[in-house]
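Visitor: I would like to know how the labels on a model like this one are assigned. Please set each value against its cut-off.

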Amino acid sequence: MNKRSDFLRLIFWTVLAIFLGLLICYLFLPLMGVSPSLAFTTMVTGVFSDKFTMGNILIKTTPLILTGLAFSFTYKANLYNIGAQGQFYVGCMCAVAVSLRLAEKIPGPLVLLLACAAAMAGGALTGFIIGFLKAKAGANEFLVSMMSTYVVIYLLQYSLGSWLQEDKHEYLKTNSIKKSVWLPKIIDGTSVSLGIVIAVIAAIVVWLILYRTTLGYRVRVTGQNIHAARLSGINPIKEYMIAFAISGAIAGLAGFTEINGMQHMLLRNT
């Protein structure tokens, strides 16, 4: 009964948050000379106008789900990973590098697995560095993670102008990856790939980790009361680094779904 009431409470607050968010947005529309009723009608009809448009929404939803999960994981430890965008870019670079180098050497499905693993490893390493600085040097993770995004952006630009640049060396982008290493499309007539399924599975896995494993318990206890965590034998320093590494891996996974599922190349403004 308690679990059911918790679930219903979660649904209630989620729906209420969505409703209040939309309401606040619509209250500002008249100040911009826009009719709220017309905006709502356009939004609803635009979303459900055709299959291709609905597919585009799912495509854009995929990296948002994963980067949102990345932030939420560290938040459970009372940490703020503002640098999920940077970890996403690292995942993009790792995924495209593996896909370009190995597409013609080994089977496509194996390349996809390796690209996914590389993207998650790259994101995890980036996140771990932030967690390490927080744990060992007492650095403010909010600022460090935010500034790390700028470092990654410059690294991305450098890479696109050097070792990752397309063969003609005319544009800041990579070559297109081979079709054999694209994530399969799951809805005909759209560009929706298996990435959205990966994002949903990732959300379930993150929930299971946080609420059904000892690791998740340690992360949550650390976030709720660091002193109680220490008294119970939990090492908060270790949990900080683990939480950031997992968070970075999730953001890196978002980069994989973007490259192999949608863009099929790495652009300067991915």
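Visitor: Why is Leu231 called exposed?

Guide: Leu231 has a relative accessible area of 79%, and exposed means over 50%, so the label applies to Leu231. The model is predicted. Leu231 belongs to helix α9, which covers residues 226-231.

Visitor: How far is Leu231 from Gly261, in sequence and in space?

Guide: The two are separated by 30 residues in sequence, and their C-alpha atoms lie 46 Å apart.

Visitor: What makes the pair Phe71 and Tyr75 stacked?

Guide: First the count: the ring rule gives eight aromatic pairs. In the pair of Phe71 and Tyr75, the ring centres are 6.0 Å apart and the planes meet at 20 degrees. Pairing needs centres within 6.5 Å, and stacked needs planes under 30 degrees apart, so Phe71 and Tyr75 form a stacked pair.

Visitor: Why are Phe71 and Tyr75 separated by about one helical turn?

Guide: Because they are four residues apart in helix α3, residues 51-75.

Visitor: Which label does the pair Tyr75 and Tyr80 get, and why?

Guide: The ring centres of Tyr75 and Tyr80 are 5.8 Å apart, with planes at 70 degrees. Planes over 60 degrees apart count as edge-to-face, so that is the label for Tyr75 and Tyr80. Phe71, Tyr75 and Tyr80 make up one aromatic cluster.

Visitor: Are Phe71, Tyr75 and Tyr80 buried, exposed or in between, and how do you know?

Guide: Relative accessible area is 29% for Phe71, 45% for Tyr75 and 30% for Tyr80. Buried means under 20% and exposed over 50%, with partly exposed in between. Phe71 is therefore partly exposed, and so are Tyr75 and Tyr80.

Visitor: Is His264 buried or exposed, and why?

Guide: His264 has 9% relative accessibility. The limit for buried is under 20%, so His264 counts as buried.

Visitor: Where is His169, and what is its phi?

Guide: His169 is in the loop between α6 (141-160) and α7 (195-212). Its phi is near 55 degrees, again a positive value in a residue other than glycine.

Visitor: How many helices and strands does the chain have?

Guide: There are ten helices and zero strands, so the order of elements from the N terminus is α-α-α-α-α-α-α-α-α-α.

Visitor: How do you know that the radius of gyration agrees with a compact globule?

Guide: For 270 residues, a compact globule would be near 18 Å, and the chain has 21 Å, which agrees. The C-alpha trace spans about 60 × 50 × 35 Å along its principal axes.

Visitor: What share of the residues counts as buried, and what supplies the exposed area?

Guide: Of the 270 residues, 39% count as buried. The chain exposes about 15200 Å², of which 70% comes from carbon and sulfur atoms.

Visitor: What share of the contacts joins residues at least 24 apart?

Guide: Among contacts between residues at least 6 apart in sequence, the share is 70%.

Visitor: How far apart are the mean positions of the positive and negative charges?

Guide: The mean positions of the 21 positive and 10 negative charges are 10 Å apart.

Note on methods. Residues numbered from 1 in each chain as written. Predicted model: local features only at pLDDT ≥ 70, side-chain atom pairs only at ≥ 80, totals over all residues. Heavy atoms only, no water. Helix = DSSP H or I, 4+ residues; strand = E, 2+ residues; numbered from the N terminus. Rg over C-alpha atoms; globule rule 2.2 N^0.38 Å. Buried < 20%, exposed > 50% of the residue type's maximum accessible area, 1.4 Å probe, protein only. Contact = heavy atoms within 4.5 Å. Areas by Shrake-Rupley, 256 points an atom, 1.4 Å probe, with all protein chains shown as cover. Lys, Arg positive; Asp, Glu negative; His and termini not counted. Charge placed at Lys NZ, Arg CZ, Asp CG, Glu CD.
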